[in-house]
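Q: I'm new to this one, so please walk me through it slowly. I'd like to begin with the open spaces.

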Amino acid sequence: MQRRSFLKQAVIGGAAAGSATLAAPVFAQDSPALNWRLASSFPRSADAIYNGSVNFAKYVAEATDGKFNIRVFPAGEILPALQVLDGVQNGTIECGHTASYYYYGKDPILCFDGAVPFGLNTRQMNAWMRHGDGLKLLRAVFDKYNIVNFPCGATGAQMGGWFRKEINSVADLQGLKFRSSAFAGAVLSRLGVVPQQIAGGDIYPALEKGTIDAAEWIGPYDDEKLGFNRVAPYYYFPGWWEGTLQVSLYVNKDAYATLPKRYQDIINQATATATLDMLATYDAENPAALRRLIAQGAKLKSFPRDVMDACYREANALYAELAAKDPAFKEILDNYTTFRDELVPWFRVSEGSFDQFMAAVTRR
């Protein structure tokens with residue numbers, strides 16, 4: 001696909017073929033030159049997820065003939081990794097690229113924009129956001145933070161993380177210091193885990209020094225780059241807290257309101273294209289990375305069924321408690337879970353049956 005041409009066509013919209021030839025020079029003459037800053041929550045070393053913001057900025061610049069430039073800063077360069085929302089909200093930066101579950105402590109409802117335990121997978125999340133009520137409901141939530149949110153990346157289902165010791169039963173979770181997302185940590189804490197929320201770039205030293213006993217990050221491609229297999233041999237799946245992770249672009253609402261409509265349209269199209277690129281990167285790179293990790297001694301293991309059942313039970317109990325306290329949380333939870341429960345049977349019939357057969361006949 002020629003992305004520049006694709007994005008320009010999105011801006012031109014329904015223009016007739018005869019007038020389309022005039023669109024580019026007219027666009028260049030009457031469009032403002034803008035320079036924005038984007039703070040990422042991700043380090044450069046995690047290139048698959050970090051490059052979601054780099055690609056987004058690239059597409060915007062190409063689609064505006066270099067008039068709208070967005071400079072990307074990795075985690076910690078102008079803002080700490082876990083303070084991107086605050087920076088966008090108060091206008092310190094015009095936009096940020098982050099994962100909404102980092103802000104569970106502000107309001108658990110924000111996590112529906114990223115990932116929640118035992119939630120939607122990637123295609124289901126995309127369907128809820130674009131053809132369900134997801135984006136409408138979440139835009140109302142982020143409006144309270146002076147932010148316009150856009151899906152801008154997806155990782156696919158994530159792994160369960162790296163552990164120094166085997167997890168054979170629920171009892172093995174007692175006292176385990178585990179780096180996880182905050183929502184997952186809230187569930188796990190009910191089973192005796194001591195959750196730790198640490199930015200991606202700080203996980204390895206904490207695991208190496210024994211400050212934590214286990215850590216989840218994303219999946220094989222990123223985990224290999226960060227070297228977790230060198231300090232924790234057991235690699236568990238699935239990451240039930242992230243059936244996918246939707247990564248988001250946060251745009252300061254006031255800054256967004258000053259943009260010409262065509263620039264706003266370009267942001268919408270550029271984030272959609274960046275999302276597809278990120279998912280394709282993970283799907284292409286994770287299989288080989290997993291084989292390399294196993295060849296280097298990683299011990300691949302699934303969480304025992306009793307652990308999965310216990311986590312599922314506690315996740316639903318936590319959902320019920322949060323919903324009882326907050327009607328807004330309950331509204332989105334009900335909408336989200338109804339959508340999920342309608343889609344899962346179809347996926348079991350179609351995708352699930354096909355995937356199971358292909359797994360049985362594929363020898364790699």
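This is a predicted model: local features need pLDDT of at least 70, side-chain atom pairs count only at pLDDT 80 or more; totals for chains, interfaces and linings use all residues.

Q: How much space lies in the largest pocket?

A: The largest pocket holds about 590 Å³ of space, where a volume is the space filled by probe spheres set on grid points that are joined across faces, edges and corners. On a 1 Å grid over the protein atoms alone, a pocket is an open set of points with protein on both sides within 12 Å along at least five of seven lines, a cavity is a set where a 1.4 Å probe fits but cannot get out, and lining residues have an atom within 4 Å of a point.

Q: And which residues lie nearest the centre of the largest pocket?

A: Of the 13 residues that line the largest pocket, Asn-121, Phe-347, Glu-351, Gly-352 and Asp-355 lie nearest its centre. By class, the lining of the largest pocket has four nonpolar, five polar and four charged residues.

Q: What gives the most to that lining?

A: Helix α13 gives the most to the lining of the largest pocket, with six residues, and both α5 (122-131) and α13 (327-361) supply at least two residues each. Helices (H or I, at least four residues) and strands (E, at least two) are DSSP runs, numbered from the N terminus.

Q: How big is the second largest pocket, then?

A: The second largest pocket has a volume of about 450 Å³. It is lined by 18 residues, and Ala-157, Pro-220, Asp-283, Asn-286 and Pro-287 are the closest to its centre. Helix α11 (residues 261-295) provides the largest share of this lining, six residues, and the lining as a whole divides into nine nonpolar, six polar and three charged.

Q: What about the lining of the second largest cavity, by class?

A: The second largest cavity, at about 50 Å³, is lined by six nonpolar, four polar and one charged residues. Phe-112, Met-125, Glu-242 and Tyr-336 are among the residues of this lining.

Q: What else does Phe-112 touch?

A: Setting aside residues up to four places away in sequence, Phe-112 is in contact (heavy atoms within 4.5 Å) with Met-125, Trp-128, Leu-138, Phe-329, Ile-332, Leu-333 and Tyr-336. Phe-112 is also, along with Phe-56 and Trp-128, one of the residues with the most contacts inside the largest nonpolar core, which has 117 residues. A nonpolar core is a set of buried Ala, Val, Leu, Ile, Met, Phe, Trp, Tyr and Cys residues joined through side-chain atoms within 4.5 Å, and buried means under 20% relative accessible area, exposed over 50% and partly exposed in between (1.4 Å probe, protein chains only).

Q: How many residues of α7 are buried?

A: In helix α7 (residues 182-189), seven of the eight residues are buried, and they include Phe-183, Val-187 and Leu-188. Among the elements that cover them are β6 (177-179), β7 (194-196), α12 (305-325) and α13.

Q: Where does Ser-180 lie?

A: Ser-180 lies in the loop between β6 and α7.

Q: Last one: is His-97 buried or exposed?

A: His-97, in strand β3 (residues 95-98), counts as buried because its relative accessible area is 0%. The side chain of His-97 reaches the backbone oxygen of Cys-152 at 2.9 Å.

Methods: Residues are numbered from 1 along each chain as its sequence is written. Side-chain values use heavy atoms; hydrogens and water are left out. Ala, Val, Leu, Ile, Met, Phe, Trp, Tyr, Cys and Pro count as nonpolar, Asp, Glu, Lys and Arg as charged, and the others, Gly among them, as polar. A polar contact is a pair of N or O atoms within 3.5 Å; within protein, one must be able to donate a hydrogen and the other to accept it, and residues adjacent in sequence count only if both atoms are side-chain atoms.
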